[in-house]
Amino acid sequence: MDTYKSDKQVIDCDIATVYGKLSNPAVFKQQLEQNIDKLPEEARAQLQNLKFEDDGVVIESPMGPLKMGIVEKVEPTKIVFGAAQSPVPFGLIVELKEMDADHTESMATLQLELPMMLKMMVGNKLKDGAKMFGNMIARLPYREL
């Protein structure tokens, strides 16, 4: 299985709030829908390729939409999403680490099982995608949602 990691990011929010939002897509979806107009333009742009549903998350990718559901939770440090709808087996791990009372470190890891030809064609895009996802989850306004 191939692994693509985002850079470590700092989230300006406590770990309990971040974990609570990311580990419950239905609540995140509801709060996002109610507050989308209140979000800064940058946050709305970050959310364009990501859609929260009641039971998971859908990411628009070069291979088409990838739907993920939560398969494992370790409160408050880890959320593992597994493929619910995808042309290839994959998983996404979001790791959280408390830095202090108001800051959380995050990192996203994308794990895929790709045939060699496909890996050569989309490998760099997947690296970029993991980094963009890591950046996006770090920039979400958790306190406002």
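Predicted model: local features only at pLDDT ≥ 70, side-chain atom pairs only at ≥ 80, totals over all residues.

Me: What makes the radius of gyration of the protein agree with that of a compact globule?

Reply: For 145 residues a compact globule would have a radius of gyration near 15 Å, and because the protein has 15 Å, the two agree. The C-alpha atoms fill a box of roughly 45 × 30 × 25 Å along the principal axes, and 44% of the 145 residues count as buried.

Me: Which residues touch the most other members of the largest nonpolar core?

Reply: That core has 39 residues, and those touching the most other members are L47, L50, L92, L110, L112, F133 and Y142. Helix 4 supplies the largest share of this core, namely seven residues. Leaving aside residues up to four places away in sequence, L47 touches L32, I36, L39, F52, M136 and L140.

Me: Why is M117 called exposed?

Reply: The term requires a relative accessible area over 50%, and M117 has 57%, so M117 is exposed. M117 lies in helix 4, which spans residues 116-139.

Me: What makes M116, M117 and M120 a nonpolar patch on the surface?

Reply: A patch takes residues with over 30% relative accessible area and no salt bridge, and its nonpolar side chains, Met among them, are joined within 5 Å. M116, M117 and M120 form such a patch, with about 380 Å² of accessible area together. For M117 the value is 57%, which is over the 30% that a patch requires, so M117 passes that cut-off.

Conventions. Residues numbered from 1 in each chain as written. Heavy atoms only, no water. Patch = residues over 30% accessible without salt bridge, like charges linked within 9 Å, V, L, I, M, F, W, Y side chains within 5 Å. Areas by Shrake-Rupley, 256 points an atom, 1.4 Å probe, with all protein chains shown as cover. Salt bridge = Lys/Arg side-chain N within 4 Å of Asp/Glu carboxyl O. Helix = DSSP H or I, 4+ residues; strand = E, 2+ residues; numbered from the N terminus. Buried < 20%, exposed > 50% of the residue type's maximum accessible area, 1.4 Å probe, protein only. Core = buried A, V, L, I, M, F, W, Y, C linked by side-chain atoms within 4.5 Å. Contact = heavy atoms within 4.5 Å. Rg over C-alpha atoms; globule rule 2.2 N^0.38 Å.
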